[in-house]
Amino acid sequence: MIKIAIASGKGGTGKTMIATGLASVLVREITLQFLDCDVEAPNAHLFLRPEIHETHPAIIALPVIDPDVCTLCGRCVDVCEFNALAKIGGQILIFPQLCHGCGSCNLQCPESAIREKPHPIGTLSLGQTESEIQYGRGELTISEPMPAPIIRQLKRKMQNHGEIRILDAPPGASCSVVATLHDADFVLLVTEPTPFGLHDLRQMLGVLEQTRTPAGVIINRDGIGGEVDKGRTGITSDVEILLENRNIPILMRIPHRCEIAAGLAKGKVLTEILPQYRMEFSNLYLKILEQLQTQRTAA
Amino acid sequence: MNIAITTQGQSLDSRVNPRFGRASWFILYNTEDESWQAFENPAETQRGGAGIAAAQFLADKGVETAISGRFGPNAHQALSAAGIKMVMFEDKEQTAREVIDDFLAERLSKPA
């Protein structure tokens, strides 16, 4: 299975537009899964319109400490990576909103004074679209602060069958994005040639330097954001200068067009709005396969 | 009484730091004998829960009053549980010494 994640850094650059468009085209040829990992605001279902067949609670395990057994040794506080525990005023305090449910405190407690209490933080919804995309999304309950466990559970729940998995990542460059990209084979970065696009793209490139995932870029709203002709042939934006310096290929460009925005606002997939994008997405997939070959060989 | 002030540097003439959990230094000051010592805040560079870790640090040092610009909700809960009083300064340009003088003169406010 090839896992392709669509990420951006900046929000609103067109991740879901690309992810749903690519999925709609590829599913005609190969079996495909679509995971909406933007668990704080999943929206791909507005375009793919899946029928949901099953839902499951997403759960993390919070520690509960038995004060009669606890000797206040503080081992749990020391091992907590997230400072969700403190030994203060003759007791162990638990801060549930900081707990990632990793279970280290429980494993490390020499007195077995800790038990785990399941705490629902969201919902996993699985189903299928009319075009037979295997669809899954995670949804974080409002006021819950921890998106990454839901993303990991969604991946586990969607078994690894199918030839390709498309992961629609959340915006930003923090934990939830890293959780989405974690086992991806390729990352498609969607950006726009504006100062905001540039700034957040740079952050994503920083993440990818760590994960060492092969990547390519799609420039959406191509042509906006002003031109900065630095006297170099073919390079017209700061985003492109950055990409050239980092040796990251531009795989596709989408112009800034009113009819695209209008169609998306009606819940249409890009290929329904402009059918020529069927061919563009097929070509994009071939370029991704090619990049996987060359970037893997280079690494 | 042992008090702690969040600062940007390690002397009484260092400027204060208005953030509690992410301050660079704590100056621990004994109001009885006027002795003091600076400690690097071990929580400053933590990924999360810095306020809690900083509160834990001060609790372990036997601090009775923490002085900072503001306290986050987690820090507030942890400091309260430790019985550490919280006091706030307004003027971020002050030095630690000036804030201590204000505290001793009871010119500082408590969090709401």
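One salt bridge is counted between chain A and chain B (a side-chain nitrogen of Lys or Arg within 4 Å of a carboxyl oxygen of Asp or Glu). Arg47(B) forms this bridge with Glu81(A), and their closest N and O atoms lie 2.5 Å apart. The model is predicted: local features need pLDDT of at least 70, side-chain atom pairs count only at pLDDT 80 or more, and totals for chains, interfaces and linings use all residues. Residues are numbered from 1 along each chain as its sequence is written, chains are lettered from A in the order in which they are written, and side-chain values use heavy atoms, without hydrogens and water.

In the interface, 13 residues of chain A are in contact with 15 residues of chain B (heavy atoms within 4.5 Å). About 1000 Å² is buried between the two chains, with 57% from carbon and sulfur atoms. Buried area is the accessible area (1.4 Å probe) that two parts lose on being put together, summed over both. In chain A, Asn83(A), Ile88(A) and Phe95(A) lose the most area to chain B, together 52% of what that side buries.

Helix α1(A) spans residues 15-26. Helices are DSSP runs (H or I, at least four residues), numbered from the N terminus. The twelve residues of α1(A) reach 16 Å from first C-alpha to last, close to the expected 16 Å (1.5 Å times one less than the number of residues). Twelve of the twelve are buried, so α1(A) is largely enclosed by the rest of the structure. Buried here means under 20% relative accessible area (1.4 Å probe, protein chains only). Among these buried residues are Lys15(A), Met17(A) and Leu26(A).

Technical notes: Helices (H or I, at least four residues) and strands (E, at least two) are DSSP runs, numbered from the N terminus. Buried means under 20% relative accessible area, exposed over 50%, partly exposed in between (1.4 Å probe, protein chains only).
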